[in-house]
Amino acid sequence: MRASFLALGALAAAVVAQDTYWNITSKPFYLVIKAQNVTLNGKYLGACHEGAAIEGLCVTTPSTANYVQFNYNTSVYQQPSVSGLLIWNLIGVNGGTLNVSSTMRFSYNSGSNVALPIFLPGNSDYTQVSFDNDGKLGIGSFQDDTKPLPNYTPGYLYRWNVCTTYYGYLYSTLAWTVGIHSPQNPTCQKVDIYRKFV
Ligand SMILES: *[C@@H]1O[C@H](CO)[C@@H](O)[C@H](O)[C@H]1NC(C)=O
Ligand SMILES: *[C@@H]1O[C@H](CO)[C@@H](O)[C@H](O)[C@H]1NC(C)=O
Ligand SMILES: *[C@@H]1O[C@H](CO)[C@@H](O)[C@H](O)[C@H]1NC(C)=O
Ligand SMILES: *[C@@H]1O[C@H](CO)[C@@H](O)[C@H](O)[C@H]1NC(C)=O
């Protein structure tokens, strides 16, 4: 697994834009894949280099390394919390003391219904996620536009897939299907994601 090496000097020197709203962090956890496909089932997701201080979520073998450890940040202003941020700490690159809290947001492609979870430093942008009582990773939805609008239809969606994707590199990564149809990327395989505390 590659780390994010490039341009980190500049990053460390820069002030990373960060709102303190999401300042309650969870204990670290692994993100474990549950899939019909026995090759994928039980594998972990790990932060993988997609660009300078940019990471995707790659399929990887179980480990205890930093790249497979994530946190969930929630807010004191939303208690009990219903959603929060998926966090990965970019640490110690090049033997340095860097420790940059990075937040997951979806990268959307207007030409596709497959969105990619991407981590960038700080939390100036994010896609809120949730864990249900079983520790299953989902995303809250409040309007269902397949039905007459406006409507209030709260619930969790679990539209996770593992697909061969290309953001900065060709990898097998986690992806999200936008909408009710099958992912148009033919390599996608449906998965569920569970958190397992370290
Ligand atoms: C997550 O919460 C921790 C603990 O307060 C904080 O240090 C970190 O900066 C937060 N990360 C983000 C991206 O908000
Ligand atoms: C988070 O922010 C609240 C409100 O500003 C503050 O009371 C609390 O101490 C902060 N918690 C942490 C872990 O920084
Ligand atoms: C299971 O997943 C692996 C890795 O993504 C893939 O190469 C293989 O084709 C999949 N098998 C089936 C039966 O879909
Ligand atoms: C990085 O920062 C986080 C939150 O501020 C802390 O929990 C973690 O222990 C730090 N990691 C290292 C290796 O310093």
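Pro80 sits in the loop that links β5 (71-74) to β6 (85-91); strands here are DSSP runs of E with at least two residues, numbered from the N terminus. The bond joining Gln79 to Pro80 is a cis peptide, with omega at about 0 degrees. Another cis peptide bond runs from Leu149 to Pro150, with omega near -5 degrees, and Pro150 belongs to the loop between β10 and β11.

A quick word on the ground rules. This is a predicted model, in which local features need pLDDT of at least 70 and side-chain atom pairs count only at pLDDT 80 or more, while totals for chains, interfaces and linings use all residues. Residues are numbered from 1 along each chain as its sequence is written, chains are lettered from A and ligands numbered from 1 in the order in which they are written, and side-chain values use heavy atoms, leaving out hydrogens and water.

As for pLDDT (the predictor's confidence in each residue, from 0 to 100), the protein chain has a mean of 91, and 91% of its residues reach 70 or more. Residues 1-13 stay under 50, and the model gives them 33 contacts beyond four places in sequence; a contact means heavy atoms within 4.5 Å.

Ala53 lies in the loop between β3 (44-51) and β4 (54-60). Its phi is near 60 degrees, a positive value in a residue other than glycine. Ala53 counts as buried because its relative accessibility is 5%, where buried means under 20% relative accessible area with a 1.4 Å probe and protein chains only.

Thr127 turns up in the loop between β8 (114-121) and β9 (130-131), and at 13% relative accessibility it is buried too. A polar atom of the Thr127 side chain lies 2.9 Å from the backbone nitrogen of Phe106. Not counting residues up to four places away in sequence, Thr127 touches Gly84, Met104, Arg105, Phe106 and Ile139.

Asn161, by contrast, is part of a strand, β12 (residues 160-166). With 5% relative accessibility, Asn161 counts as buried. Its side chain reaches the backbone nitrogen of Lys190 at 3.4 Å. Beyond its neighbours within four places in sequence, the contacts of Asn161 include Thr173, Leu174, Pro183 and Cys188.

Technical notes
Helices (H or I, at least four residues) and strands (E, at least two) are DSSP runs, numbered from the N terminus. Buried means under 20% relative accessible area, exposed over 50%, partly exposed in between (1.4 Å probe, protein chains only). A polar contact is a pair of N or O atoms within 3.5 Å; within protein, one must be able to donate a hydrogen and the other to accept it, and residues adjacent in sequence count only if both atoms are side-chain atoms.
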